[in-house]
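Thanks for coming. I will take a few minutes to walk through one structure, starting with the chain as a whole and then going to particular side chains.

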Amino acid sequence: MNGGRLSRATTRKRKRVFRITTAVALMLALVGIIAFAALIDQKQKSALPESDEIATEMVDSESEQPEDAETELAEMIYIEQPYTKVYADDRVAVVYEADLGDRFERLETVSGFVKVQLNERMTGWVTEESVTTDAPVLSDDEVIAAWQQVVPNASETVLNWIGKDIATVRAELGSPSAVQRDQVNEYHFYDGFFLMVRDQKVRAVDWDKQAIATPDIQPTSEQPAGVWFEGEAVQLKLFPYSGVMRVRLEQK
């Protein structure tokens, strides 16, 4: 009788141990699964770059190409003759007359004509024989000294106007006595000079009816109808007529 009872007690004890052991095993298994999943997730995350160096390198390598294309200098041409006719797309109608030394971007050349960018909104065509890319350059100091020789009464303040927004310059000078326009530029007239404005910026200052004078430097181009001095950032142009001349100091 006692032996039978001990046997049943032992059986119950073994069952309890089995259940506890099973529960512990299940808990350990669950912990293991969670830990394994976390490890896999960590490995997956570690497969990505720890910083954006790779992405940055790829973006940089791609962005460098269009930047290089953008920084490639546009081909610029110069007008070789004063009062050069600029034609519309039909290459018949004249829309503008360009001055000696005027500098434009060449867009294309077709059948003896060069298409140029006149301003932000307008293009035109000039004959190929009327343009050049060869313009020997003087220093700006030489060009400004030549300008001071031919317009001795002009103030150096003029140099601060060229390249500035027209609204800024008009705030300093006041309203002009008159404004004229052609297809490409505006001309704001003041006492003794006028401003040539293109794309809302002062591109040049002109003095008309000046006494004929010859600067002490070699011009880039000299013709009966015009003399042109090409500087690093500015140009000086002299246009003689009827015993006087028009003088233009212009930003390139």
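Of the 252 residues in this protein chain, 34% count as buried. Please keep in mind that this is a predicted model. The chain has 5 helices and 15 strands. Its accessible surface comes to about 15,800 Å², and carbon and sulfur atoms account for 53% of that. On contacts: if we take those between residues at least 6 apart in sequence, 53% join residues at least 24 apart.

Now the charged side chains. Side chains of opposite charge can pair when their charged atoms come close. How many salt bridges does the count come to? The count is 10, and I will go through some of them.

Start with Arg-248 and Asp-206, whose side chains meet in a salt bridge at 2.7 Å, N to O. Arg-248 lies in strand S15, residues 244-251, and Asp-206 lies in strand S11, residues 201-211, so this pair ties together parts that are 42 residues apart in sequence. Are these two residues buried or exposed? Arg-248 has 4% relative accessibility, so it counts as buried, the cut-off being under 20%. Asp-206 is buried as well, with a relative accessible area of 0%. Arg-248 and Asp-206 also belong to a network of salt bridges that links them with Asp-99 and Arg-246.

The next one is Lys-252 with Glu-230, a salt bridge of 2.9 Å, N to O. Lys-252 is in the segment after S15, while Glu-230 is in strand S13, residues 226-230, so the pair ties together parts that are 22 residues apart in sequence.

Arg-181 is exposed, with a relative accessible area of 60%. Glu-186, at 17%, counts as buried.

On to the rings. The count comes to 8 aromatic pairs. One of them is Tyr-83 with Phe-239, which is tilted: the centres are 6.4 Å apart, with 45° between the planes. This pair links distant parts of the chain, 156 residues apart, with Tyr-83 in the loop between strands S1 and S2 and Phe-239 in strand S14, residues 234-241. Tyr-83 is partly exposed, with a relative accessible area of 40%, and Phe-239 is buried at 1%.

For Tyr-187 and Phe-194, the ring centres are 6.0 Å apart and the planes stand at 75°, so the pair is edge-to-face. Both Tyr-187 and Phe-194 are buried. Elsewhere, ring pairs link Trp-161, Tyr-190 and Phe-193 into a cluster.

The charged end of Arg-91 sits over the ring of Trp-125, at 4.2 Å from the ring centre.

Last, a look at helix H5, residues 166-173. Which residue reaches in at the start of H5? It is Asp-165: one of its side-chain oxygens comes to within 2.8 Å of the backbone nitrogen of Ala-167.

Conventions. Residues are numbered from 1 along each chain as its sequence is written. This is a predicted model: local features need pLDDT of at least 70, side-chain atom pairs count only at pLDDT 80 or more; totals for chains, interfaces and linings use all residues. Side-chain values use heavy atoms; hydrogens and water are left out. A polar contact is a pair of N or O atoms within 3.5 Å; within protein, one must be able to donate a hydrogen and the other to accept it, and residues adjacent in sequence count only if both atoms are side-chain atoms. Helices (H or I, at least four residues) and strands (E, at least two) are DSSP runs, numbered from the N terminus. A salt bridge is a side-chain nitrogen of Lys or Arg within 4 Å of a carboxyl oxygen of Asp or Glu. Buried means under 20% relative accessible area, exposed over 50%, partly exposed in between (1.4 Å probe, protein chains only). Contact means heavy atoms within 4.5 Å. Accessible areas come from the Shrake-Rupley method with a 1.4 Å probe; for residues, only the protein chains shown count as cover. Rings of Phe, Tyr and Trp (its six-membered ring) pair if their centres lie within 6.5 Å; planes under 30 degrees apart count as stacked, over 60 as edge-to-face and the rest as tilted. A charge sits over a ring if NZ of Lys or CZ of Arg is within 6 Å of the ring centre and within 35 degrees of the ring normal.
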